[in-house]
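Trainee: I am new to this one. Could you walk me through the structure, step by step?

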Amino acid sequence: IISINKNGIGCCGVETEEKFIGLITDGDLRRALENNESITWNKLTAKDLMTKNPITINDKELAIDAISLMEHNIKKPISVLPVINDLQKMVGILRLHDLVQAGIK
């Protein structure tokens, strides 16, 4: 699991022993705190906070395909994209900011 603050990523993955199951973003955390009474915060679990079944990309896909997924998401543009291997394990997170800085368009 990646720390939500590690390297300024602003999110972390949630996995079972078998596979990646969700993503917790700083926005998910803010919404959970806003929507729950402070007295119940200590009872919130990762499952309560996470975005279930977020959009992901396979680790064999091209970076340009990642940008396309991020920019053309029907619900809203996304800025982080979990990278999943063939075993459904998270192997990393791509940030739109990093892809743009790398000159990928």
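Mentor: Gladly! One definition to start with: helices are DSSP runs of at least four residues and strands are runs of at least two, both numbered from the N terminus. Keep in mind that this is a predicted model.

Trainee: In what order do the elements of the chain run from the N terminus on?
Mentor: The chain holds four helices and six strands. Starting at the N terminus, their order is β-β-α-α-β-β-α-β-β-α.

Trainee: How does the radius of gyration of the chain compare with the globule rule?
Mentor: For 105 residues the globule rule gives 13 Å. The chain is close to that, so it is as compact as a globular protein of that length, with a radius of gyration of 14 Å.

Trainee: On which side or sides of H1 do Gly 27, Asp 28 and Ala 32 lie?
Mentor: These three residues are buried in helix H1, residues 26–35. Because they cover an arc of only 135 degrees around the axis, they lie on the same side of H1.

Trainee: What do the buried residues of H1 pack against?
Mentor: Gly 27, Asp 28 and Ala 32 are the buried ones to look at. Their packing partners are strand S2 (20–25), H2 and strand S3 (51–52).

Trainee: Is Asp 48 buried, partly exposed or exposed?
Mentor: Find Asp 48 in helix H2, residues 46–49. Buried means under 20% relative accessible area and exposed means over 50%. Since Asp 48 has 47% relative accessibility, it counts as partly exposed.

Notes:
Residues numbered from 1 in each chain as written. Predicted model: local features only at pLDDT ≥ 70, side-chain atom pairs only at ≥ 80, totals over all residues. Heavy atoms only, no water. Buried < 20%, exposed > 50% of the residue type's maximum accessible area, 1.4 Å probe, protein only. Arc of directions from axis to C-beta. Contact = heavy atoms within 4.5 Å. Rg over C-alpha atoms; globule rule 2.2 N^0.38 Å.
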